[in-house]
Amino acid sequence: MTFMDRGSKPAVLVTGGAGYIGAHTAKALHEQGFLPVVFDSLSSGFREAVRWGPFVHGDIRDAGALADAIDAHNVKAVIHFAGLIEVGRSVVKPDLFWEHNVGGTVTLLSTMREKGVNRLVFSSSAAVYGQGGRAALETIPEAAPKAPASPYGDTKLACEWMIEAQCRAYGLTAVALRYFNAAGADPSGLIGEAHEPETHLIPLAIAAALGDGKPLTVFGSDFDTPDGTCLRDYIHVNDLAAAHVEALKAELAPGAYEAVNVGTGVGASVLEVVEAVGRAVGRPVPHSVGARRAGDPPSLVADPARAGALLNWRPVCSSLDQIVSDALRWERSPQYGAGVRGGRCGTVQTTHA
Ligand code: UFG
């Protein structure tokens with residue numbers, strides 16, 4: 001029996017649910033018959049992205065606010081996205097990342113235990129692997145050595161260890177999903193990627209091609225890869241969202257802990273992405289080659305076999321052309337214009353107060 005059997009529309013607390021992957025997961029939960037209760041401080045998320053369930057304004061370091069949200073909505077499970085994500089910033093502010101990511105997860109876990117909520121899906125990252133002595137083009141299984149190249153990756157790995165220990169000690173059941181490169185947007189154009197500042201390749205390449213941003217700098221062309229630029233495993237955010245729902249529904253024994261890669265198993269180079277964006281926009285991406293960016297491993301490509309076996313999950317919309325065309329639709333949408341170009345106070349109507 002899973003927690004799903006206990007109610008017709010089980011409430012799932014989605015910490016960080018006003019952010020990019022959180023909002024897409026909230027939509028997927030709604031479509032699968034769950035009630036997503038978004039808990040978000042709005043320090044980097046967008047209120048306009050909360051459309052598929054109630055919103056609670058709160059910080060995961062605030063145990064009282066978490067407990068109140070769990071009680072008020074009869075929460076049965078938690079999907080935990082909230083945290084700081086900028087790899088570069090983690091290098092200069094490591095203490096902040098430990099406080100928010102690790103400290104926040106400590107508070108969340110103890111509040112869940114106090115309230116008897118014992119099912120968790122945790123937002124982890126391929127950043128736990130680093131390059132780790134791997135040959136350049138090898139895919140990465142979950143058991144690969146862990147050698148995070150940043151304090152951000154350290155905090156994700158520390159959270160995984162802590163969650164696993166609490167599964168053993170207290171009977172929590174948890175799945176940590178290690179995302180590769182989340183990209184794309186929901187085809188509705190209602191939600192998509194909006195970071196401030198934007199550092200990710202696909203939105204920057206689209207902005208450059210549309211003439212909305214600076215020409216793109218390709219960070220290094222002298223890596224040991226087929227065309228000399230970095231290889232990444234781009235996964236459509238809706239495929240990623242579906243993996244969260246499957247992780248929540250998986251029939252796991254009490255106390256089980258699983259860490260699962262979420263990627264396609266196929267790498268794309270920076271130049272392949274630049275070409276795909278040029279095809280989608282209908283004009284080439286203005287770009288030049290610059291120096292390598294500190295901390296970029298040459299290649300990060302998942303071995304996704306475990307996600308297939310354990311979660312019965314496979315990517316269905318993660319071709320590079322699909323990812324780029326959905327990202328482009330979002331960057332051209334009025335919601336993107338209101339929420340991003342117009343500042344943080346968008347004008348999009350929401351369905352929940
Ligand atoms: N890149 C450029 N120019 C840019 C931006 C990026 O050439 O202006 C390159 C990067 O060097 C990298 C690739 O494009 O090779 C992808 O870069 P992104 O910044 O889009 O994504 P990352 O691979 O750096 O980071 C992603 C997630 C992180 C996560 C990491 C795990 O965004 O949160 O994967 O490895 F930690």
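**Figure 1. Pairing of strands S9 and S14 in the predicted model.** In this predicted model, strand S9 (residues 231-232) and S14 run parallel and are joined by two bridges. Leu231 has Ser299 of S14 as its bridge partner. Both strands belong to an open sheet of three strands with the order S12-S9-S14, in which the pairing is mixed. Strand S12 (268-269) and strand S14 (299-300) are the edge strands, and each of them pairs on one side only.

**Figure 2. The open sheet of seven strands.** The strand order is S3-S2-S1-S4-S5-S6-S11, and the pairing is parallel. Strand S3 (55-57) and strand S11 (257-262) stand at the edges; each has a single partner strand, so one side of each is left without a neighbour in the sheet. On average, neighbouring strands of this sheet are turned by 20° against each other, with direction ignored.

Figure 3. S1 and S2 are next to each other in the order S3-S2-S1-S4-S5-S6-S11. Strand S1 (residues 11-15) pairs with strand S2 (residues 35-40) in the parallel sense, over five bridges. Pro36 in S2 is the bridge partner of Val12.

**Figure 4. Packing of helices H6 and H10.** Two packed helices are described by the angle between their axes and the distance between the axes. For helix H6 (residues 201-210) and helix H10 (residues 320-331), the axes come within 10 Å and cross at roughly 60°. The crossing of H6 with H10 is right-handed. On the H6 side, the contact is made by Ile202, Pro203, Ile206, Ala207 and Leu210. H10 contributes Ile323, Val324, Ala327, Leu328 and Glu331. By class, the residues of this contact comprise nine nonpolar and one charged, with no polar residue.

**Figure 5. Arginine side chains over aromatic rings.** Arg113 lies over the face of Tyr170, at 3.6 Å from the ring centre. In another such arrangement, Arg292 places its charged end over the ring of Phe223, 3.9 Å from the centre of that ring. Pairs between aromatic rings are a separate matter: with ring centres required to lie within 6.5 Å, the count comes to one aromatic pair.

How values were computed: Residues numbered from 1 in each chain as written. Predicted model: local features only at pLDDT ≥ 70, side-chain atom pairs only at ≥ 80, totals over all residues. Heavy atoms only, no water. Phe/Tyr/Trp six-rings, centres within 6.5 Å; stacked < 30°, edge-to-face > 60°. Lys NZ or Arg CZ within 6 Å of the ring centre and 35° of its normal. Axes fitted to C-alpha atoms, helices over the stretch in contact; angles between N-to-C directions. Helix = DSSP H or I, 4+ residues; strand = E, 2+ residues; numbered from the N terminus. Left-handed = near helix turned anticlockwise from the far one by under 90°. Contact = heavy atoms within 4.5 Å. Nonpolar A, V, L, I, M, F, W, Y, C, P; charged D, E, K, R; others polar. Pairing = 2+ DSSP bridges.
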